[in-house]
Amino acid sequence: MSGPRYLGFDTLSLHAGQRPDPTTGSRATPIYQTTSFVFDDAARAAGLFSVGRAGYVYSRIANPTVSVLEERLAALEGGVGAVATGSGMAAIHVAISTLVGAGSHVVSSRALYGGTHNLLAYTLPRFGVETTFVDPRDPQAFARAIRPETKLVFAETVGNPRGEVLDIPAVAAIAHAAGVPLVIDATLTTPCLLKPFEHGADIVVHSLTKFIGGHGIAIGGAVVDAGRFDWEGSGRFPQLTERDMGLNELDFAEDFGPAAYIMRVRLEGLRDFGATLSPTNAFHLLQGLETLPLRMRRHVENARHIAEFLGGQPAVEQVTYAGLPNHPDYALAQRLLPQGCGAVFSFVLKGGRAAGRKFIDALQVFSHLANVGDAKSLVIHPASTTHARLSDEALAKAGIEEGLIRLSIGLEDPQDLVDDLTRALNVSQK
Amino acid sequence: MDISYQGANTYIQTAGYALDPAKPTVCFVHGAGMDHAVWTLFVRHFSRNGYNAIAPDLRGHGRSGGDALTTIEGCAGWLLGLFDALGVGPVAVAGHSMGSLVALQAAADGGERVRAVALLGFGYPMAVGAPLLDAARANDHAAVDMMTIWGHDFAAQIGGHQVPGLSITNVTKRRLDAARPGVIHADLNACHTYTGGVDAAAKIKCPVTMILGDRDRMTPVRGAREFAKQLAGCRVEVIPGCGHGMMEEKPEQTHLALVKALA
């Protein structure tokens, strides 16, 4: 039996969260560059402060421009709500800190962005939160690591730079059996390629700085809530299931039902930690989001083309892209990522660190920098940049070959990218 | 708060406040397949402004146990009995959609126990189309989709709502997804088969306010206005640009209308 249709993804990318400005008719989202909002009268002010009325108070907690972005992301992910933050790391921090306290434990994939690994391995332990890192390719490893004090399971959809694809349905089932939510960093896939909620994830975080913005001009992040996790049934989250005298006497699960978690992220996370996204950056990110479906199709098309090209080059030892049949997660990627595995991958160049440096210096179209997900193609050589201080031995222990090159494939004419890589590969082997 | 009532656990949202017999009471009744949480902002407002504010989960809904009741008259009797069980005095009752029929019938049957009524997203008769009833009977997710889409103005899918960052479409879907099997059908069928509206209207003595959305696709304004003529002194408030789900679509306008209707 078929019901009426919801709006499609491409339409939501353009419209969700925003109607023409009721005062001016502005079609574009206005930038509400204001710290605070005037109360109509004392009664409305009291209602807003006591969470008895809807509206805006102060831009650290909510702002109309930022809300458009939040609502759009919630619509695209299929979540009940979203909170935007000042960066992707801020999103990860607030997503986790809403769930944990001193004595809590996290189980995380070990295939993580370096900043996330640092937060979990070094920073959160100072606050009494421990993390056990496990192999993302072994779902049972997550199960074995869960303890009574575990509050969440964390992983990325696709690892960087190795392209490990997470079996989200399997790991979600393991997390739920233990009464903990699965938090997924979906930055590299975006909701265009993979919607983690459709596979059982409970919370999604994004660095909006990457593909969602796409232009490389604004830093931002977001937390999105599926609204499905049973906080009451879990019994591990009194901050969501008991009345909190420090937060307007709210019992989030009782008062907000499926929006319990995301409301606490906003009312505690933004209020107390203050990692707010600015209205201007929200505006910039919205401009990118409008064309996300178009861009991701081209990113994936170009990435597949470049990966296949590199696979045939004598100067290349190995290409690690889950969209290629020789990748260990190819079959899983075909199931979870049928539209493509993203546009960030790595390859190993023959000739070690020296060849890597020569290769980077010879590139003219690719930009050498520490970012991914830009409309322009990007490259980095970890052994001479992010991991330059590691000895060859330490580098090997970290699983990073001396000749490892990470690419983020952009939207250029693919032949220009091939020509640029061909030139640099030749130089690297001289 | 939870109480044992009519052989089942019954949950009543009070926003954490204990009930005080000295205070006037307002009660909010949710619609088909829903629960108390659709009223949170309003319960919090009234409870902090001198009222006992209660929003029960109807039997078989949300956190309340037991089987869902299958008639509007049954729900109204259950509600009046709940007021007695809670020891609250004359109550101002607001009901949304199916809850508005329950409020109407409770006002007719409750006499002086009901001091005012607000009917939100109201229509009578509240006929439910066969495709929706059939889907609900089959526990087919299409019922959730129809209620989510038709239960709001088209613009609700676009968004731009007054509660920052929430997707009303997806919140509604999750709420309906959480309804136990058979509950949505029991509710919709109770609305569809309810025939007591005219008799109830004739018996009501307390002030009645209708709060309607001008873009309501489930209970259009025209039908509600026509029925309002049968309710002596009924005041009709129409919220512009609003569909059936006014508590989520236009919470501020709904708040202002409820304050006038229930104070």
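**Reading helices, a sheet and an interface**

Q: In which hand does H1(B) pass H12(B)?

A: The model is predicted. In it, H1(B) passes H12(B) in a right-handed crossing.

Q: Which residues of H1(B) and H12(B) make the contact?

A: From H1(B) come B:Leu41, B:Phe42 and B:His45. From H12(B) come B:Pro251, B:His255 and B:Leu258. Sorted by class, this contact has 4 nonpolar and 2 polar residues, and no charged ones.

Q: At what angle do helix H1 and helix H12 of chain B pack, and how far apart are their axes?

A: The angle is about 40 degrees, and the axes are 11 Å apart. H1 covers residues 40-47 of chain B, and H12 covers residues 251-262. Angles under 35 degrees count as roughly parallel, and 65 to 115 as roughly perpendicular. H1(B) and H12(B) are therefore oblique to each other.

Q: Now the sheet. In what order do the 7 strands of the open sheet in chain A lie?

A: A sheet is read from one side to the other, strand by strand. Here the order is E1-E7-E6-E5-E4-E2-E3 in chain A, and the pairing is mixed. The edge strands are E1 (81-85) and E3 (130-134) of chain A, and each of them pairs on one side only. On average, neighbouring strands of this sheet are turned by 20 degrees against each other, direction ignored.

Q: How many bridges join strand E2 to strand E4 of chain A, and do the two run parallel or antiparallel?

A: There are 4 bridges between E2 (residues 105-109) and E4 (residues 150-156) of chain A, and these strands run parallel. As one example, A:His105 has A:Thr150 in E4(A) as its bridge partner.

Q: Which strands does helix H4 of chain A lie across?

A: Helix H4 (residues 88-97) lies across E1, E2, E4, E5, E6 and E7 of chain A. H4 runs at about 35 degrees to E7(A).

Q: How many residues of chain A are in contact with chain B?

A: An interface is counted from each side. Here 44 residues of chain A are in contact with 36 residues of chain B. Elements of chain A that give two or more residues to this side are H3 (64-77), E1, H11 (252-256) and H12 (260-273). H3(A) gives the largest share, 5 residues. By class, the side of chain A that touches chain B has 18 nonpolar, 15 polar and 11 charged residues.

Notes: Residues numbered from 1 in each chain as written. Chains lettered and ligands numbered in written order. Predicted model: local features only at pLDDT ≥ 70, side-chain atom pairs only at ≥ 80, totals over all residues. Axes fitted to C-alpha atoms, helices over the stretch in contact; angles between N-to-C directions. Parallel < 35°, antiparallel > 145°, perpendicular 65-115°, else oblique. Left-handed = near helix turned anticlockwise from the far one by under 90°. Contact = placed C-beta atoms within 7 Å. Nonpolar A, V, L, I, M, F, W, Y, C, P; charged D, E, K, R; others polar. Pairing = 2+ DSSP bridges.
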